[in-house]
Amino acid sequence: MRSGVVGLLTLALALALAAAGCTTDGGQGAQPAGDVAPPGGGQAAQQRQERNLLDRVRSRGELVCGVNAEVPGFGFTDEQGNFSGFDVDYCKVIAAAVLGDAEAVEFRPLSTEQRFTALQAGEIDVLSRNTTYTASRDGSEGAAFVTTTFYDGQAMMVKADSEFQRLEDMQDTAICVLSGTTTELNLASRFAAGRIAYQPVPFEDNETLQQAFEQDRCDGWTSDRSQLAGVRSNRPNPAELRILDEIFSKEPLGPLVRDGDQDWYDAVNWAVIATIQAEEFGVTSRNVEQMKDSDNPEVRRFLGQPGGDDNTVFDPGLGLDPAFAVDVVSQVGNYGEIYDRNVGPDTPLGLERGLNALWTDGGLHYAPPYR
Amino acid sequence: MLRAAFQVAFVVLVGALLWYLLGNLRTNLRVSGLPTGFDYLDRPAGVDIRDSPFRPSQPIRDAIVVGLVNTVRGSVVGIALATVLGILVGVARLSTNWLVRKGAAVYVETLRNVPVLVTIIFMYTAVVLRLPPISRASEWLGLIVFSNRGLVVPWGVAGTGARAFTGVVGGAFALAVIVGLWRSRRFDETGEPHHRVLWGGAVLVIVTAAGYVAFSRPVTLTLPTREGRIVQGGIQLGPEYAALLIGLVLYTASHIAEIVRGSILAVPKGQTEAANALALSGFQRLRFVVLPQALRIMLPPLANQYLNLTKNSSLAVAVGYFELTRITGQIIANANPAPQSIAILMLLYLALSLLISLVANIVNRSLALETR
Amino acid sequence: MTAGPTDTATLEPLPPPEPEPPAPRRLPPARWVRENLFNTWYNSLLTVVLGAALGWAALRALRFVFFGARWEIIQTNLTLLMVGRYPRDQLFRPWLAILIVSAAAGLGAGLAARTAPRPARWDAFKRAAPGLALLAVLAAFARTPLPALLVAASVAACLAARTAGTRLPDKAARWLPLVYLGTVVGAYLALTAGGPGWDSWGGLLLTLYLALGGIVLSFPIGVLLALGRRSSFPAVRLVCVGYIELIRGVPLITLLLMGQFMLGFFFPQGFPRPGLVVRALIAIVLFTAAYVAEIVRGGLQGVPKGQSEAAQAIGLSPVKTTVLIVLPQALRNVIPALVGQFISLFKDTSLVAIIGLLDLLFVAQAITQQPGFLGQGLQAEVLVFASFVYWSFCYSMSRASQRLERRLGVGER
């Protein structure tokens with residue numbers, strides 16, 4: 001009898017959920033929230049409010065930023081709970097641009113499996129957590145990627161004393177990989193293409209994965225090359241590990257925001273672009289004050305200084321302070337400074353700029369004109 | 001009248017709250033551009049599931065089924081092992097042997113008071129992963145290969161006629177039960193020794209053997225052999241599964257042991273004394289007098305432990321065994337909506353719990369009837 | 001309605017108290033050994049085999065603890081394990097809370113000692129042993145003398161309050177609940193008033209907070225649910241039964257996941273959202289309330305019907321009957337079961353490590369990844385330490401609840 005009651009309730013719950021699904025099935029996809037003015041007062045108000053994440057972040061006075069806490073160089077926490085790293089610095093860049101204060105960030109460490117849900121549910125304002133820009137993520141995850149901050153590729157790490165020199169050597173091996181990542185998908189396609197039989201050993205977090213790799217639970221660990229370099233650099237003796245030369249995927253990494261809020265997207269995007277633009281102009285955290293008086297009208301415009309024929313301040317209408325680039329560069333730095341500080345040749349990671357150099361140096365970073 | 005009004009108001013209030021929450025859910029899903037229905041279950045999952053023939057091109061609903069099967073696999077095996085170990089330790093706690101008694105007490109008091117999650121993680125990172133790596137795997141008598149990539153044991157490989165042979169084994173089992181029942185009735189009517197187990201076992205063995213010969217070796221045994229980093233043949237128990245199972249069994253058995261001990265102590269003392277008066281041996285006393293009565297007392301709390309074990313199998317997320325919770329997490333991570341996925345997860349656990357309660361209810365009732 | 005197995009299951013009695021040892025018969029050692037270890041041939045065999053196995057295991061364990069294990073990782077991170085990222089300049093707050101709690105506990109013990117029979121010295125030692133062991137271990141790992149001094153101060157405060165408690169007039173016992181309430185509020189204020197927010201709590205502090213907060217907040221909800229389940233209104237009954245069975249049918253981890261990932265979906269955008277710790281606490285409270293409800297329901301069923309009939313006969317309203325007559329008797333009977341629930345809740349808080357809260361277990365795992373300790377296989381050390389901390393709390397509480405059960409005479413009427 002009691003089971004009957006519970007069964008009934010279960011059924012009711014299932015029906016309620018199904019009903020919640022069915023009634024709106026038609027609307028899905030056809031009406032991306034922000035674009036069409038929705039009928040009905042309550043919903044309209046809610047969506048207006050929704051569109052205004054920029055205002056909400058301002059009134060909150062703090063940016064909630066989803067980050068990684070496990071990869072040295074990109075997102076890592078020390079003993080005192082301080083976050084540091086390349087992706088973490090981009091949270092600070094956005095906070096500096098939007099709020100004028102690079103420290104007004106609440107960091108929310110997230111696992112690979114948690115990150116998209118946190119973004120979709122509006123738990124975080126921006127996700128800056130070495131996330132690869134892909135079509136399906138842009139399409140069905142409800143995410144919108146801004147300008148790429150780091151061009152990366154997937155690599156394989158093995159123990160230095162193992163016999164593996166190329167991926168083709170890895171016949172019949174077990175490969176550790178983080179689940180819910182593009183790496184997991186690339187691994188499957190690369191090894192299938194090379195007819196390499198392997199056993200995937202997916203884990204949810206780097207911590208358990210690392211322990212398993214340590215104990216020879218798997219022969220290789222595949223991830224973005226920069227992440228592997230970060231993990232390797234963090235070890236007491238990095239020489240025990242070796243990263244194979246082959247890069248077998250394209251991994252453009254960058255911050256992303258939730259779909260359907262164009263104002264917020266623009267603000268975040270241009271905060272990121274500003275770091276690249278600053279490096280192009282040679283504006284650094286050290287010389288930014290002098291550069292305000294630069295003879296170059298482009299630089300003066302970029303830094304929000306009065307200039308041009310009518311001596312006015314240029315405001316592109318991004319909803320940001322005209323001088324936001326000054327806050328970004330003075331408080332965090334330009335792209336080159338951020339790169340060198342966290343992952344560059346002088347850090348334990350020791351990554352050369354490579355693809356991440358400016359376009360003028362043969363790299364891929366190219367800032368759209370600021371005018 | 002007032003009563004009716006109150007009830008209506010109460011229901012309306014609860015309904016309105018649910019309506020409000022679900023409405024928000026719907027709006028939020030739409031705003032995020034996420035599917036609001038369950039159609040996403042037909043999309044390809046796109047990932048591998050370790051230790052399973054699942055392919056990335058199969059739909060998500062199949063992945064959930066794999067997760068459910070793995071959860072059941074962990075729970076059923078865990079329940080069986082925990083019951084055996086629990087009864088052993090519970091009886092040991094009442095042993096006349098001081099060392100056995102104290103040893104059992106130490107086991108119970110230690111494992112019972114440490115979180116099962118800690119035990120599972122300990123088993124994984126500090127025990128199973130520390131087994132020899134595959135390059136130095138232990139091989140015993142050519143039968144068992146074990147390393148920190150898993151335990152490989154001999155296993156049958158289905159040949160032609162395997163399905164028919166399975167049917168024969170099932171039939172043999174049924175026949176054995178029937179023969180056993182017949183012997184019991186015979187014993188009740190005439191009092192001649194029943195030897196149920198002997199008769200039933202003989203029937204089972206003879207019929208199975210006949211079937212095996214008739215279908216010309218429908219099942220052959222493969223032995224695990226190691227070649228470099230891989231092990232051919234046999235069946236593999238993954239280290240993550242092993243860690244989960246050991247953790248769950250050790251923890252649950254410590255609770256079951258206490259239930260068994262309590263139930264045995266709860267059997268009236270007169271029963272034991274009467275058994276002694278009949279000059280039954282210690283084993284006979286336990287087997288025919290004390291345990292059957294204790295069983296009735298221990299069943300309800302035992303069912304509760306089975307429920308707990310099933311629910312605790314979700315802690316496998318911590319060691320990466322691909323059961324229901326773990327696979328749901330993976331699905332959510334791959335471009336699929338969390339609310340629906342978690343709702344499905346909860347409904348499936350609810351269904352499992354109800355199933356266990358139902359079985360426990362039936363068993364309980366049938367045992368209760370037997371006494372009258 | 002027939003009572004299914006799970007109905008009584010939550011009321012699963014705590015294991016019956018260890019039978020009082022019979023008056024110790026002093027046997028000569030040789031005879032004791034013969035009677036207790038070698039009385040039959042199979043017992044002799046068991047003794048030899050098991051003795052060898054246990055001896056070997058004990059030797060290994062001791063060797064690990066005293067020689068093999070590298071405990072520096074615990075020494076270095078002791079503060080992190082105890083309080084997580086609680087600001088280091090605010091550490092006086094937890095210490096103040098500890099002082100308040102130990103003084104109150106001492107006072108309570110002192111007042112109780114006047115009515116309860118004085119335990120034998122050996123019993124008293126056995127009771128305190130797990131707690132003392134924990135203190136000793138923590139003091140051994142501390143790298144400065146300050147924590148040891150503060151622990152000593154707390155113990156002294158506890159003992160002083162106990163002495164004071166035994167000397168207080170009889171009437172004072174009546175104020176004890178108020179003292180406890182004041183202690184909880186005081187300790188809470190010491191930690192929070194003007195102090196760091198919950199999201200910076202961690203380690204054992206967070207574990208304790210989640211467990212205590214969980215049981216205290218879930219208690220009133222649980223009582224209401226239990227009353228609702230026995231309500232004469234079918235609609236109320238249905239909702240309560242539905243809630244209780246739904247929650248009891250799913251694992252706690254799914255509720256925690258729901259709080260972390262789904263809560264956002266259930267509220268309008270821009271709705272203020274509680275921090276992660278509060279969310280975990282809400283999930284824990286909702287979960288525990290269903291179990292508390294079943295325990296309380298068991299207690300309600302145990303109150304003889306004559307009680308409520310008698311109350312009605314003297315003209316008490318149904319509400320008064322419930323509040324004044326039935327509930328007090330019911331609650332008294334379920335105190336041991338509630339302690340049992342608290343113990344399992346204490347263990348269950350370790351699940352928040354899975355969703356990334358920095359509780360004791362999470363910190364224990366995380367410190368093995370510090371640059372100085374990475375890749376040295378120190379998981380055994382940290383997990384053994386965490387297990388020991390959990391164990392000493394749970395074991396003392398389960399012992400205390402068994403004594404309580406004996407004193408209240410539950411199940412003896």
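Analyst: Helices are DSSP runs of H or I with at least four residues, strands are runs of E with at least two, and both are numbered from the N terminus. By that rule, the secondary structure of chain C comes to 16 helices and zero strands. This is a predicted model, in which local features need pLDDT of at least 70 and side-chain atom pairs count only at pLDDT 80 or more, while totals for chains, interfaces and linings use all residues. Residues are numbered from 1 along each chain as its sequence is written, and chains are lettered from A and ligands numbered from 1 in the order in which they are written.

User: How confident is the predictor in chain C, and where is its pLDDT below 50?

Analyst: The pLDDT is the predictor's confidence in each residue, on a scale from 0 to 100. Chain C has a mean of 84, and 92% of its residues reach 70 or more. Over residues 1-14 of chain C, however, the pLDDT is below 50, although this stretch has 40 contacts in the model beyond near neighbours in sequence. Where pLDDT is low, the predicted coordinates should not be read in detail. For the complex, the predictor gives an ipTM of 0.87 and a pTM of 0.85.

User: What makes B:A351 count as partly exposed?

Analyst: A residue is buried if 20 or more other C-beta atoms, placed from the backbone, lie within 10 Å of its own, exposed if 12 or fewer do, and partly exposed in between. B:A351 has 14 C-beta neighbours inside 10 Å, so it falls into the class in between. This residue is found in helix α11 (residues 338-371) of chain B.

User: Why is α12(C) described as largely enclosed by the rest of the structure?

Analyst: Of the 27 residues of α12(C), 22 are buried, and therefore the helix is largely enclosed. The helix runs over residues 276-302 of chain C and reaches 39 Å from its first C-alpha to its last. The expected span is 1.5 Å times one less than the number of residues, and the value for α12(C) is close to the expected 39 Å. In chain C as a whole, 37% of the 413 residues count as buried.

User: What makes a group of residues a nonpolar core, and how many residues has the largest one?

Analyst: Such a core is a set of buried Ala, Val, Leu, Ile, Met, Phe, Trp, Tyr and Cys residues joined through C-beta atoms within 7 Å. The largest has 266 residues, and among those with the most contacts inside it are A:A97, B:I120 and C:A280. Its largest share, 16 residues, comes from α12(C). Another core lies apart from it and has 11 residues, including C:I100 and C:L191.

User: How do you know which residues of chains B and C belong to their contact?

Analyst: Two residues are in contact if their C-beta atoms lie within 7 Å, and the contact takes 51 residues from chain C and 58 residues from chain B. On the side of chain C that touches chain B, α16(C) gives the most, with 10 residues.

User: Why are β2 and β4 of chain A called edge strands?

Analyst: Strands pair if DSSP finds at least two bridges between them. Three strands of chain A form an open antiparallel sheet in the order β2-β3-β4, where β2 (70-71) and β4 (83-84) each pair on one side only. The pair of β2(A) and β3 (residues 75-77) has two bridges, so it meets the criterion of at least two.
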